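The plan is to look things up piece by piece and jot down what I find.

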Amino acid sequence: MNLDKLDHRDDKLDHRDDTLDHRALAVGDVVAERTFSLTRDSLVRYAGASGDFNPIHYRDDVAASVGLPGVLAHGMLTMGVAVQPVVDWLGTAGWVSDYGVRFTRPVVVDPLEGASVTVVAKVGVVGEGTARIDLTVTYNNETVLGKAQAQVTFN
Amino acid sequence: MNPDLVGRVFAPVSPYLVGREKVREFARAVFATSPLNHDPAAASAAGYADVVAPPTFAVVLQEATLAQLLAEPDAGIDFSRVVHGEQRFSYTRPIVAGDELTATLSVTSVKTLGGNAMVTAESVIVDPQGSHVVTAISTLVVRGDDA
């Protein structure tokens, strides 16, 4: 087990629930930004945790046989990871009550290099005790999730 | 794909008991490091009965319901051509360890678009009292011959 790998985070944002004042949020504010390094290990771990054992997520030969450019990250792994900066920004100040994405481009995970996925979370809408956080999720400088929006409800 | 699928409601899948270690395992897999996901004391201090599942955890329960759809004899869905198009989770409250949840799938839409077929199905997930916890909505794209 190499759990310490999971703690690799490039963000400079700490858990900020002590300082988060949702009444001060404005549309366009960037609330979190982070880059995740996905490796083949990440895919195997996600397969086990989620129960999605589609071999295109861990076997190069199967991925090639169906015409893919390589082993792909589970879309649900990318979706799951992409919302974590929002979860950490919220801390105990609120929770993600609605979250949706479109899967627009695959994330190819190189056996040696892995794949670097960057998330920028920005305030899209401010509501009464709620906010919509819009996520821009990129890999190789292209967005991989479309209309990625997390509705957060403040406690 | 069979357009008659629209409106079809499947039998509820057997109840799923959310385990604390399963929540932690899933949390590690999606790089979730919040104490709420891992530490029962932190979760309790925040008012939760036990560790809190990450926002996409409901996919674990939804998986079994989508298997029902793919196995439906008259659905005409070729699994090898299925691509995940869209996903959404709408929660009434977070899932926590100890929850016993039952998921029921229904098909809400079937469309054909440029040689591909798209099916949208929602899994309504409730607690033993029947109170809504989360609805997981998936759109699956079944690629046509040329796609």
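**Entry 1: terms before I start.** For packed helices I need axes, which are lines fitted to C-alpha atoms, for helices over the stretch in contact, with angles running from 0 to 180 degrees between N-to-C directions. I also noted that helices (H or I, at least four residues) and strands (E, at least two) are DSSP runs, numbered from the N terminus. This is a predicted model, in which local features need pLDDT of at least 70 and side-chain atom pairs count only at pLDDT 80 or more, while totals for chains, interfaces and linings use all residues. Residues are numbered from 1 along each chain as its sequence is written, and chains are lettered from A and ligands numbered from 1 in the order in which they are written.

**Entry 2: the helix pair.** Two packed helices are described by the angle between their axes and the distance between the axes. I looked up α1(A) and α1(B): their axes are 9 Å apart and the angle is about 150 degrees. For the wording, angles under 35 degrees count as roughly parallel, over 145 as roughly antiparallel, 65 to 115 as roughly perpendicular and the rest as oblique. The two helices α1(A) and α1(B) are therefore roughly antiparallel.

I then checked who touches whom, where contact means that two C-beta atoms, placed from the backbone, lie within 7 Å. From α1(A) I listed Arg45(A), Tyr46(A), Ala49(A) and Ser50(A), and from α1(B) Glu25(B), Phe26(B), Arg28(B) and Ala29(B). Sorted by class, this contact has four nonpolar, one polar and three charged residues. The classes work like this: Ala, Val, Leu, Ile, Met, Phe, Trp, Tyr, Cys and Pro are nonpolar, Asp, Glu, Lys and Arg are charged, and the others, Gly among them, are polar.

**Entry 3: α1(B) itself.** Buried means that 20 or more other C-beta atoms lie within 10 Å of a residue's own; 12 or fewer is exposed, in between is partly exposed, and C-beta atoms are placed from the backbone. In α1(B), residues 20–29, I found Val23(B), Phe26(B), Ala27(B), Arg28(B) and Ala29(B) buried. What do the buried residues of α1(B) pack against? They pack against α1 of chain A, together with α2 (35–38) and α4 (59–71) of chain B. Just after α1(B), I spotted Phe31(B) with a positive phi of about 60 degrees.

**Entry 4: the whole contact between the chains.** I got 30 residues from chain A and 25 residues from chain B. On the chain A side, the elements that give two or more residues are α1 (40–50), α3 (75–82), α4 (84–90) and β2 (94–103). The largest share, nine residues, comes from β2(A). That side of chain A has 16 nonpolar, eight polar and six charged residues.

Next I looked at strand pairing, which needs at least two DSSP bridges between two strands. Five bridges link β2(A) to β2(B), residues 82–91, in the antiparallel sense. Here Gly100(A) stands opposite Arg88(B).

**Entry 5: around β4(A).** In a regular strand the side chains alternate between the two faces of the sheet. I could follow this in β4(A), residues 130–139: Ala131(A), Ile133(A), Leu135(A), Val137(A) and Tyr139(A) make up the covered face, and Thr130(A), Arg132(A), Asp134(A), Thr136(A) and Thr138(A) the uncovered one.

β3(A), residues 115–126, runs antiparallel to β4(A), with nine bridges, and Ala121(A) stands opposite Leu135(A). Their hairpin has three residues between the strands, and Gly129(A) takes a positive phi near 70 degrees there. β6(A), residues 145–154, is also antiparallel to β4(A), over six bridges; the partner of Ala131(A) there is Val152(A).

**Entry 6: one residue, Ala82(A).** I picked Ala82(A), which sits in helix α3 of chain A. Why does Ala82(A) count as buried? Because Ala82(A) has 28 C-beta neighbours inside 10 Å. Beyond its neighbours within four places in sequence, Ala82(A) touches Val119(A), Leu135(A), Val137(A), Leu145(A) and Ala148(A). Two of those names, Leu135(A) and Val137(A), I had already put on the covered face of β4(A).

**Entry 7: chain tallies.** Chain A has four helices and six strands, and 36% of its 155 residues count as buried. Chain B comes to four helices and five strands, with 37% of its 147 residues buried.
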